[in-house]
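Biologist: Please take a close look at the aromatic rings and what surrounds them. Then tell me about the charges and the rest.

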Amino acid sequence: MTNDILCGYAGDREAMLMAYLYDDIAEGDRQAFEQHLATCARCRTELNGLGDVRAQLARWAPPEPTVAGIRRQTSIVASHSITGITGAAAAIETAGARRSWWRDAPAWAQVAAALLVLGVSAGIANLDVRYDSNGLNIRTGWSRPAAAAADVSASTDAENLRAQLASLEQQLRSEFRASQAAASSAQGQAVPVLVAHSSDADLMRRVKALVDDSERRQRNEIALRMGEAIRDLNSQRQADLRKIDQNLGMFQDRTGVEVLRNRQKLDYILQRVSQQPQ
Amino acid sequence: MTGTDEELVARSMSGDADSFNELILRWERPIYALAYRTIGREEDARDVCQETFLRAYRALPGFRGQAKFSSWLYRIALNLCRDWVRRERRTPVVQPPEDGDLMEMAAATEPSESIEDLVMRKDLTRSVERAMALLPEEQRMAIVLKEYHGLTFQEIADLAGCPLSTVKTRLYQGLTVLRRELARGAKVSMK
């Protein structure tokens, strides 16, 4: 074994070092290069050094991505058919744009915005949200007077709602009768009572159906919005918790560095003291 | 859902959205890691990752299967990384991530590992990031593809569109710079 300063390898030394380092090498080339390594300290040293670099590189891990975000957005693509590519692109771009302004806003603003949306939605729909021993209870209603929104039990609410609906029906019925009476007097003809009764009942059914349908739609809408708001708040909460963890980590990091430095200084001082003649 | 990439691609092309979702699940982390190590910014790496899958989806009807799906995906991602570097008109800066991967490291380490060990590992990560940021784009790309994605020299040459010998030269030069910079960083930290 020699200690050559200069390498006398005949072939492409750099290429062979890489091939050997990454074990991406033909068997004949490997044997030949190993024979060379046995006699060349320079190549051995370089190979060891590059191996150390690889060991250090192996410790470099990218930060954990918010893969959920990636998946949520890229899944938009996959949720479209293969023929709906243009639409998918528009959807993903729109999602990206929505994400950016929302993400850039501070946390308090995001929470405030969510609450504002919730509040406005609740106001529009005359929303009544209760959380009691029966669990979360969301109700919507129309034209409820402010006085009726006082603190009453859930059963009282239901009675109030029924009373209001009955009142509304009565009002509509009387208005309808009035309009019919006006119309028949204008035509100078008597309206058969049976027909009027029949029209009232029909109108009542239609109004009730309309009210029920509208209430059902609003309930669904509000439940959906509530779900979205709760999900957004939860994700924001998780992000805040992660931030707190990160800050703690940074604090520990700084503290650790300080401890390490102090320890090194202490070692250095002890070393110097021990080296001094008695 | 199981199957090879090629089977999932075939099913995606016939309109099965779940198959493409499966491909995303399978490859999103490697593509994100490739983008992060190439351009060095978490946010941008995430965007590149998303854009990669979007472009792949758009181009799926034209995928003829001459190359592996993963190689095709890598090529899209690398082109996007190149575009990013050109658009930004600067060398990518590998930044230590804002979020504390010290915490992740702490969670992943044995309970016996001391805070000093953690700090040293953290410092090493930073040193690697700083040294990688010094490399030209093509050297960094070669190292990332070889070191972290296990591609063969030939696969890297195909992706980079250069001779195989050039790939080895780029790797050698890149690793040599890293070796020097990491040694220098270690000396500085000891002072």
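Modeller: Start with Phe63(B). Its relative accessible area is 9%, so Phe63(B) is buried. Buried means under 20% relative accessible area, exposed means over 50%, and partly exposed lies in between (1.4 Å probe, protein chains only). Phe69(B) is buried too, with a relative accessible area of 1%.

A word on the ground rules. This is a predicted model, where local features need pLDDT of at least 70, side-chain atom pairs count only at pLDDT 80 or more, and totals for chains, interfaces and linings use all residues. Residues are numbered from 1 along each chain as its sequence is written, chains are lettered from A and ligands numbered from 1 in the order in which they are written, and side-chain values use heavy atoms, with hydrogens and water left out.

Now the rings. A pair of aromatic rings is described by the distance of the centres and the angle of the planes. Rings of Phe, Tyr and Trp (its six-membered ring) pair if their centres lie within 6.5 Å; planes under 30 degrees apart count as stacked, over 60 as edge-to-face and the rest as tilted. Over all chains, the structure holds 11 aromatic pairs. Take Trp27(B) and Tyr74(B): the ring centres are 6.2 Å apart and the planes meet at 80°, so this pair is edge-to-face. The pair links distant parts of the chain, 47 residues apart. Trp27(B) sits in helix α2 (residues 17-39) of chain B, and Tyr74(B) in helix α4 (residues 69-88) of chain B. Helices (H or I, at least four residues) and strands (E, at least two) are DSSP runs, numbered from the N terminus. Trp27(B) has 15% relative accessibility and therefore counts as buried. Tyr74(B), at 5%, counts as buried as well. Back to Phe63(B) and Phe69(B): their ring centres lie 6.1 Å apart with planes at 85°, so they form an edge-to-face pair.

Trp60(A), Tyr32(B), Tyr36(B) and Tyr148(B) are linked by ring pairs into a cluster. Arg37(B) lies over the face of Tyr148(B), 3.5 Å from the ring centre. Arg37(B) also lies over the face of Trp60(A), at 5.7 Å from the ring centre. The rule: a charge sits over a ring if NZ of Lys or CZ of Arg is within 6 Å of the ring centre and within 35 degrees of the ring normal.

On to the charges. Side chains of opposite charge can pair when their charged atoms come close. A salt bridge is a side-chain nitrogen of Lys or Arg within 4 Å of a carboxyl oxygen of Asp or Glu. The whole structure has 17 salt bridges over all chains. One of them joins Arg54(A) and Glu147(B), whose closest N and O atoms are 2.9 Å apart. This pair crosses between chains, from helix α3 (residues 41-57) of chain A to helix α7 (residues 137-147) of chain B. Arg54(A) counts as partly exposed because its relative accessibility is 24%. Glu147(B), at 15%, is buried.

Other salt bridges stay within one chain. Arg217(A) and Asp213(A) meet at 3.5 Å, N to O. Both lie in helix α8 of chain A, four residues apart, which is about one turn of the helix. Arg217(A) is exposed at 52%, and Asp213(A) is partly exposed at 29%. In chain B, Glu181(B) forms a salt bridge with Arg180(B), the closest N and O atoms being 3.6 Å apart. Glu181(B) counts as buried at 16%, whereas Arg180(B) is partly exposed at 46%.

At 48% relative accessibility, Ile244(A) counts as partly exposed. Leu241(A), Ile244(A) and Leu248(A) form a nonpolar surface patch, with about 270 Å² of accessible area together.

Last, chain A as a whole. It has eight helices and two strands. Along the sequence the pattern reads α-α-α-α-α-α-β-β-α-α. Of its 278 residues, 28% count as buried.

How values were computed. Patch = residues over 30% accessible without salt bridge, like charges linked within 9 Å, V, L, I, M, F, W, Y side chains within 5 Å. Areas by Shrake-Rupley, 256 points an atom, 1.4 Å probe, with all protein chains shown as cover.
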